[in-house]
Amino acid sequence: MRASAYPLVEVDDAAALVLERTPVLSVERVPIGECVGRVLAEDLVATASLPAFPSSAVDGFAVRAADAGKKLRVLGESAAGRPFVGSVEPGTAARILTGGMVPDGADCVVMVEDVRFDGQAVTVPGGLHAGNNFHRPGADLLAGERVLTAGTQLGPAEIGLAAALGHAALGVRRRPRVALMSTGDELVEVGEKVPPGKITDSNRWALLAALREAAVEVRLLGIAPDEPEPLRRLVAHALTDADALVTSGGVSVGTHDLVKPLLESLGEVHIGRVKLKPGKPFTFATIPPSHLAFGLPGFPVSSLVTFEVFVRPALRKMQGFAQLQRPTLPVRLAYDARASADRTEYQRVTLRREGADLVADTTGSQSSSRLMSLVGAHALVRVPAGGQVISAGSTLEAMILALP
Ligand code: AMP
Ligand code: MG
């Protein structure tokens with residue numbers, strides 16, 4: 001073992017440095033049917049008002065409010081998509097259906113339930129008010145209004161809105177392409193027999209899932225041995241068409257830890273150690289012309305926690321998200337948390353509600369090899385360094401993974 005040459009960087013500084021070096025990807029036009037989950041690249045301004053015409057909210061009769069209480073001659077019908085051509089004059093009405101255009105002259109709609117209709121004439125109740133039972137032009141939104149801002153993720157409502165305004169395609173950010181590999185001579189492909197001293201590669205599947213959740217395109221590269229040349233070849237190949245490389249393992253200071261020197265030889269290593277628990281050996285490099293490389297530690301919990309803290313926000317920046325971080329909320333500890341002496345720790349907890357409070361229970365041993373500490377966790381509680389015991393009942397900030 002040798003001492004690491006890399007300075008220990010504060011978590012927040014490291015996270016900021018990663019984001020500083022992370023580019024926002026280019027814009028592409030995508031048909032709206034394929035836009036779910038994508039991030040809008042430009043503000044969307046309504047080019048027309050909605051509704052564009054006075055649109056009936058009910059089935060009934062379009063009348064003049066001044067004709068309240070009278071028997072009115074019915075001139076015709078205004079159905080959705082088939083407007084009545086003509087004007088509702090005093091003493092007359094037009095039958096109207098939901099979504100039908102309110103004809104000229106009419107200023108309110110009476111619900112069919114409230115009238116007597118004999119086939120030719122309709123008797124309407126008293127007390128009618130102009131504007132009743134129809135949507136005025138522009139009631140939902142006005143032409144010129146900014147309806148979506150750049151950086152918004154497109155979900156069903158946003159896509160429906162874009163369609164309603166006539167956009168068949170939208171300008172969204174390109175999805176990052178990420179190459180993913182595991183490193184380590186001890187690793188065996190999942191499902192294969194595990195000889196003594198070997199372990200199954202689980203990180204690649206955990207990280208693949210994390211990348212899929214982050215909605216990026218993934219290229220799975222398999223397992224690289226702890227040998228410089230094969231590792232170099234795999235990484236060089238991976239970088240030909242990837243925006244980012246994610247590796248696990250091989251970043252600590254053991255003699256077999258080859259990822260840092262390899263990244264040094266290919267580009268510039270900006271972060272080699274972080275005051276973070278778990279995840280101290282997290283490594284971040286840039287490789288010309290524009291690749292990012294994330295060397296995640298091999299311990300399964302370390303790789304997923306460093307993914308959350310550093311990689312996920314970077315992938316969100318690439319995709320153009322306005323919001324890069326997961327939400328954080330104050331939570332009340334139901335256990336005594338022992339702080340690390342010199343590292344910010346992300347402790348895994350489940351949450352439960354007590355009145356207005358979120359109460360955090362530990363998931364048990366916080367060993368970085370113990371995936372069960374992350375299974376079912378609702379949040380990562382951020383425990384500041386200092387070595388002290390933070391007693392049950394204290395409130396700390398937590399990164400929310402899922403609310404109970
Ligand atoms: P390393 O960061 O390579 O020193 O690995 C640290 C620990 O994580 C070792 O116990 C490794 O066996 C384990 N580890 C490394 N890579 C993986 C992986 N892909 N899946 C599961 N465990 C791993
Ligand atoms: Mg290793």
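**View 1. Ligand 1 sits in the largest pocket.** The structure is a predicted model. Around ligand 1 there are 15 residues, and the closest are Glu186, Asp201, Ser202, Gly250 and Gly298. By class, this shell consists of three nonpolar, nine polar and three charged residues.

**View 2. Glutamate 186 and glycine 298 each place an atom by an oxygen atom of ligand 1.** For glutamate 186, a polar side-chain atom is 2.6 Å from an oxygen atom of the ligand. For glycine 298, the atom belongs to the backbone, an N or O, and lies 2.9 Å from an oxygen atom of ligand 1.

**View 3. Serine 202 meets a nitrogen atom of ligand 1 through its backbone.** The distance from a backbone N or O atom of serine 202 to this nitrogen atom is 3.1 Å. On its own, ligand 1 has 490 Å² of accessible area, of which the protein covers 80%.

**View 4. Six strands form an open sheet with mixed pairing.** Their order across the sheet is β8-β5-β7-β6-β10-β9. The edges are held by β8 (108–111) and β9 (116–117); each has a single partner strand, so one side of each is left without a neighbour in the sheet.

Methods
Residues numbered from 1 in each chain as written. Chains lettered and ligands numbered in written order. Predicted model: local features only at pLDDT ≥ 70, side-chain atom pairs only at ≥ 80, totals over all residues. Heavy atoms only, no water. Near = heavy atom within 4 Å. Polar contact = N/O pair within 3.5 Å; in protein donor to acceptor, adjacent residues only side chain to side chain. Areas by Shrake-Rupley, 256 points an atom, 1.4 Å probe, with all protein chains shown as cover. 1 Å grid on protein atoms, 1.4 Å probe; cavity = no way out; pocket = protein on both sides within 12 Å on 5 of 7 lines; lining within 4 Å. Sits in = over half its atoms within 2 Å of the grid points. Nonpolar A, V, L, I, M, F, W, Y, C, P; charged D, E, K, R; others polar. Pairing = 2+ DSSP bridges. Helix = DSSP H or I, 4+ residues; strand = E, 2+ residues; numbered from the N terminus.
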